[in-house]
Amino acid sequence: MGAVRRTVPARAAGKHVPTGPVFSACDGRACGEDSAGCGVDCDLFCNRQGATADALSMLTLVIETLAGVDGKLFGSVTPLMVANELSQHGYEIDRRQISLPLIKEVGEYVARVTLGWGFVADVRIIVVAKQD
């Protein structure tokens, strides 16, 4: 696991600015302090995040939306649509944790879900035209 850095929101351009010490996400000190000082069971949390990332990476979502005969969507697939589909599979992921390419046609895509502390999952998405 690579090094992870805490970030704080920057005022300009909505970017995150790294602050604080760099720490390994799975060394038992994910808060940057000793385990006894933070009150968080870091090993348990990292194991759960890793298991969630592994499960999400094996998941394939099928999203049905309105499309024309040429396969172009009326609108686009948004992170909120992906978050709603993930919640139907039992994963409560905030839409802001989901990165998508611009999806305006039916086909196969990959959504990147950032779970925090360096855990990222790539979820396969299949966009199909809704059949009336």
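Here is a chat between two colleagues about how the terms apply to this predicted model.

Colleague: What ground rules come with the model?

Modeller: It is predicted, so local features need pLDDT of at least 70 and side-chain atom pairs count only at pLDDT 80 or more, while totals for chains, interfaces and linings use all residues. Residues are numbered from 1 along each chain as its sequence is written, and side-chain values use heavy atoms, with hydrogens and water left out.

Colleague: What makes E3 and E6 a pair of strands?

Modeller: Strands are DSSP runs of E with at least two residues, helices are runs of H or I with at least four, and both are numbered from the N terminus. Two strands pair if DSSP finds at least two bridges between them. E3 (residues 60-65) and E6 (residues 119-129) are joined by six bridges and run parallel, so they pair under that rule.

Colleague: Why is Thr65 called buried?

Modeller: Buried means under 20% relative accessible area, exposed means over 50%, and partly exposed is in between, using a 1.4 Å probe and protein chains only. Thr65 has 12%, so it is buried. Thr65 sits in strand E3. Contact means heavy atoms within 4.5 Å, and Thr65 touches Leu73, Met81, Val127, Val128, Ala129 and Lys130, leaving aside residues up to four places away in sequence.

Colleague: What makes a set of residues a nonpolar core?

Modeller: The members are buried Ala, Val, Leu, Ile, Met, Phe, Trp, Tyr and Cys residues joined through side-chain atoms within 4.5 Å. In the largest such core there are 23 residues, and Leu56, Val82, Leu86, Ile98 and Val113 touch the most other members. Two or more residues come from each of helix H2 (42-57), E3, helix H3 (79-88), E5 and E6. E6 gives the largest share, five residues. As for Val113, its contacts include Leu56, Leu86, Ile98 and Phe119.

Colleague: Why is Arg124 with Glu108 called a salt bridge?

Modeller: The rule asks for a side-chain nitrogen of Lys or Arg within 4 Å of a carboxyl oxygen of Asp or Glu. The closest N and O atoms of Arg124 and Glu108 are 3.2 Å apart, so the pair qualifies. Glu108 is exposed at 54%, whereas Arg124 is partly exposed at 35%.

Colleague: How many salt bridges are there by this rule?

Modeller: Three. Arg112 forms one with Asp122, the closest N and O atoms being 2.9 Å apart. Arg112 is in E5 and Asp122 in E6, so that pair ties together parts 10 residues apart in sequence. Arg96 forms another with Asp94, at 2.8 Å between the closest N and O atoms.

Colleague: What makes Arg96 exposed but Asp94 partly exposed?

Modeller: Arg96 has 65% relative accessibility, so it counts as exposed. Asp94 has 31%, so it counts as partly exposed.
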